[in-house]
Structures are given as C-alpha cells and as structure tokens.
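Q: I have a new structure to read. Where do I begin, and what do I look for?

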Amino acid sequence: MFQTYQLAIPSWDLSLRLVWQDGQLARLAFEPLTADKGNATSWLPSPGESPGDGTPDTLREKLERYFAGGTTDFRDVPVKLDWATPFQREVYEVCRAIPWGERLTYGELARLVGRPRAARAVGNAMKANRVPIVIPCHRVVPAGGGLGGFSAPGGVRLKERLLRLESGEPTQRPATATGRPSLRL
C-alpha cells in the first residue's frame, strides 16, 4: 500500500511529494509551490490509508531542518530500492555516506564502488535516483568543475542552491520590489 504525503517549503517555493510503500520511502519528488498548494502541508496518508509507523514524521522533521539550513543526516531513512540494479544500489549506498557540505566527483564515486572506469554509469545512477536529498545525488559533481546535471524541476539552479545551503552560503537573493525573495541565482 502506498502512502502519499505533501510538504510545502514556502521559503524555497517548493513542495515535496513523498511516497511511502511497505514502510520505506519509495519516491521524493520536487514540485513547484503553486497557488493551489499555498503554504499548506498535507501530512496525512492519502484517503483510505492507515498512518505509518512514525518514520514519515521523522523524515518531515529532518526535511524541515534541512531546508532551514540545519545539518541533517538522512542515512537512517529506509529507502525502497527494489527497482534499482545491483550497481545502482552500491552507488546509492556510497552516495548516502557523503557528508553534509561535501562533494564527490562521479569518478571518485565510481572508484569507491570498485568500478573506477564507470563515472558515466554513476552519472546515470544519479539521474535515475528517485529519492533526492535522502540519497544526496546533488553532492556528486563532474571532475572538470561545474555542477553537472540535476533532473529535479529547477535543474542545475536547484542543485546549486542545495550545495550553497550545505556550505552555509546564502541561497536567495535579496527581496524584490514585491517583498518576496527572488529565487533566481
């Protein structure tokens, strides 16, 4: 059975949709925060579903702390990876161990899983990641500099904001004439 939760992050103009299955996080999707979602957070299982074991509430607290700039460790969040290949599972396990504020290159991650020539395959695993932030694929970057890609809405700009957040740098521009912060980088 699936349980779906919605978490609004107004300061980022984002909403996070989380899907739980069999007591594990199966999906974390970034969505733009739209007028119909407002600042409301729907943190109850979808209609007809029973509440979980508290793990979704723990994740909610961690996500709120994360987006407020607090050092957060998601390694204890159970993740459903039955769809991933054995190689992807190895990559995700090592990726989950990348500490807050640090980065690895695709090549370094490939070496850590014992496949030093598989940097491109690591990149493809990052692209296939269904639970960003919990599996912090944003912390994996190209060796030649730059940020690489990020498949969530907002793409590389969102990846840059996440990395700035973790390094303690400002993640928003000063307020615009409307008084709302500008989210462009």
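A: Start with one term. A nonpolar core is a set of buried Ala, Val, Leu, Ile, Met, Phe, Trp, Tyr and Cys residues joined through side-chain atoms within 4.5 Å. In soluble globular proteins, nonpolar side chains tend to be buried together. Keep in mind that this is a predicted model.

Q: Which residues of the largest nonpolar core touch the most other members?

A: They are Leu63, Phe67 and Met126. The core has 46 residues.

Q: What is the order of elements along the protein chain?

A: From the N terminus, the order is β-β-β-α-α-β-α-α-β-α. That makes five helices and five strands. The chain has 185 residues, and 43% of them count as buried. Now look at contacts between residues at least 6 apart in sequence: 55% join residues at least 24 apart.

Q: Is Leu63 buried or exposed?

A: Buried means under 20% relative accessible area. Leu63 has 0%, so Leu63 is buried. Leu63 lies in helix H1. Leaving out residues up to four places away in sequence, Leu63 touches Leu7, Leu16, Leu18, Leu28, Phe74 and Ile133. Val134 is 71 residues from Leu63 along the chain, yet their C-alpha atoms are separated by 9.1 Å.

Q: How do I read two packed helices?

A: Two packed helices are described by the angle between their axes and the distance between the axes. Here, H2 and H4 pack at about 80°, and their axes are 10 Å apart. Angles of 65 to 115 degrees count as roughly perpendicular. H2 and H4 are therefore roughly perpendicular to each other.

Q: Which residues make the contact of H2 and H4?

A: H2 brings Phe87, Gln88, Val91, Tyr92 and Cys95. H4 brings Ala121, Val122, Ala125, Met126 and Ala128. By type, the contact has nine nonpolar residues, one polar and no charged. Met126 is also one of the core residues with the most member contacts. Beyond four places in sequence, Met126 touches Val91, Tyr92, Cys95, Tyr106, Leu109, Cys137 and Val140.

Q: Where is the place of Asn129?

A: Asn129 sits in the loop between H4 and strand E5. At 6% relative accessibility, Asn129 counts as buried.

Q: What does the side chain of Asn129 reach?

A: The side chain of Asn129 reaches the backbone oxygen of Ile135 at 2.8 Å. Not counting residues up to four places away in sequence, Asn129 touches Arg27, Trp83, Tyr92, Ile135 and Cys137.

Terms used
Residues are numbered from 1 along each chain as its sequence is written. This is a predicted model: local features need pLDDT of at least 70, side-chain atom pairs count only at pLDDT 80 or more; totals for chains, interfaces and linings use all residues. Side-chain values use heavy atoms; hydrogens and water are left out. Buried means under 20% relative accessible area, exposed over 50%, partly exposed in between (1.4 Å probe, protein chains only). Contact means heavy atoms within 4.5 Å. Axes are lines fitted to C-alpha atoms, for helices over the stretch in contact, and angles run from 0 to 180 degrees between N-to-C directions. Helices (H or I, at least four residues) and strands (E, at least two) are DSSP runs, numbered from the N terminus. Angles under 35 degrees count as roughly parallel, over 145 as roughly antiparallel, 65 to 115 as roughly perpendicular and the rest as oblique. Ala, Val, Leu, Ile, Met, Phe, Trp, Tyr, Cys and Pro count as nonpolar, Asp, Glu, Lys and Arg as charged, and the others, Gly among them, as polar. A polar contact is a pair of N or O atoms within 3.5 Å; within protein, one must be able to donate a hydrogen and the other to accept it, and residues adjacent in sequence count only if both atoms are side-chain atoms.
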